[in-house]
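Here is a short briefing to read with the model open beside you.

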Amino acid sequence: MEVLFKDENIIVCVKPVGVDSEHEMPQLLISEHGGEIFTLHRLDKNVGGVMVFARNKQTAALFSRLIQEGCLIKEYLAVVHGVPEEQAVLEDLLWKDSKKNKVFVVKSERKGVKRASLEYERIAVRDDKSLVHITLHTGRSHQIRVQFSSRKFPLVGDHKYGSRDERVNPLLFSSKITFPYKGERLSFSSEPEFAKEMQN
């Protein structure tokens, strides 16, 4: 597993596709680096990318506050079907059906409905597919996948939300995280192969 940064408090690494971020990732990190590991934020199992983990309870509590205050900035790369406009802010109300583990855009507030916001920029277009760079303003379950799918731009490989592509996993990757740490503003990034292919 690629480790981008490590000290006594945190480990920043690139989560592989197919590994559960809440249970399997901590076990993998403990087996490689020892000590305790606390998951601070989630990535879907079928999505890879940059994540930060705490190595003690005090740091986990600190990052929980940072996340609540919107100080952990998460950016993603994705390939969607079709060609959305060059850049936009997407805002929706989302409701999760926990039994089906599926999220829906709804029109009005009710119990369990959460506001979701992101902004994106289209980077490249090839064969009626678009590479987009996304900055999340909220961290809702399946948020990116649902917000693009609801506008008829499902993520390539995301069969749960409308893709008919032969790929088995959605082309979505946590490409960059930025957060304040020890008086500095740190950023860590990684680029998936699908993004490189789209830009060649």
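## The second largest pocket

Val79, Arg126, Asp127, Lys129, Val156, Asp165, Glu166, Arg167, Leu171, Phe194, Glu197 and Met198 form the lining of the second largest pocket. This is a predicted model, in which local features need pLDDT of at least 70 and side-chain atom pairs count only at pLDDT 80 or more, while totals for chains, interfaces and linings use all residues. Residues are numbered from 1 along each chain as its sequence is written, and side-chain values use heavy atoms, with hydrogens and water left out.

- A pocket here is an open set of points on a 1 Å grid over the protein atoms alone, where a 1.4 Å probe fits and protein lies on both sides within 12 Å along at least five of seven lines; lining residues have an atom within 4 Å of a point.
- The second largest pocket holds about 170 Å³ of space, a volume being the space filled by probe spheres set on the points, which are joined across faces, edges and corners.
- Helix α4 (residues 193-199) gives the largest share of this lining, three residues; helices (H or I, at least four residues) and strands (E, at least two) are DSSP runs, numbered from the N terminus.
- By type, the lining of the second largest pocket has five nonpolar, no polar and seven charged residues. Ala, Val, Leu, Ile, Met, Phe, Trp, Tyr, Cys and Pro count as nonpolar, Asp, Glu, Lys and Arg as charged, and the others, Gly among them, as polar.

**The largest pocket**

- The largest pocket holds about 730 Å³ of space.
- Of its 30 lining residues, Lys74, Thr138, Gly139, Arg140 and Ser141 are the closest to the centre.
- Two or more lining residues come from each of α2 (57-68), β5 (73-81), β6 and α3 (143-149).
- The lining of the largest pocket divides into 13 nonpolar, 10 polar and seven charged residues.

- Strands β6 (residues 87-97) and β7 (residues 102-106) run antiparallel and are joined by five bridges; two strands pair if DSSP finds at least two bridges between them.
- Asp97 sits opposite Lys102 in β7.
- Four residues separate the two strands of the hairpin, and Asn101 in the turn has a positive phi of about 50°.
- Val103 belongs to strand β7 and counts as buried because its relative accessibility is 4% (buried means under 20% relative accessible area, exposed over 50%, partly exposed in between, with a 1.4 Å probe and protein chains only).
- Leaving out residues up to four places away in sequence, Val103 touches Leu94, Trp95, Lys96, Ser141, His142, Val146 and Tyr161, where contact means heavy atoms within 4.5 Å.

**Loop residues to look at**

- Most residues other than glycine have a negative phi.
- Asp127, not a glycine, has a positive phi of about 55°. Asp127 lies in the loop between β8 (113-126) and β9 (129-136) and is exposed, at 64% relative accessibility.
- His142 is not a glycine either, yet has a positive phi of about 60°. His142 is in the loop between β9 and α3 and is buried, at a relative accessible area of 7%.
- His41 lies in the loop between β3 (38-39) and β4 (48-54). Is His41 buried or exposed? His41 is buried, because its relative accessible area is 6%.
- Beyond four places away in sequence, the residues that His41 touches are Val50, Met51, Val52, Leu72 and Lys74.
- A polar atom of the His41 side chain lies 3.1 Å from the backbone nitrogen of Val52.

Methods. A polar contact is a pair of N or O atoms within 3.5 Å; within protein, one must be able to donate a hydrogen and the other to accept it, and residues adjacent in sequence count only if both atoms are side-chain atoms.
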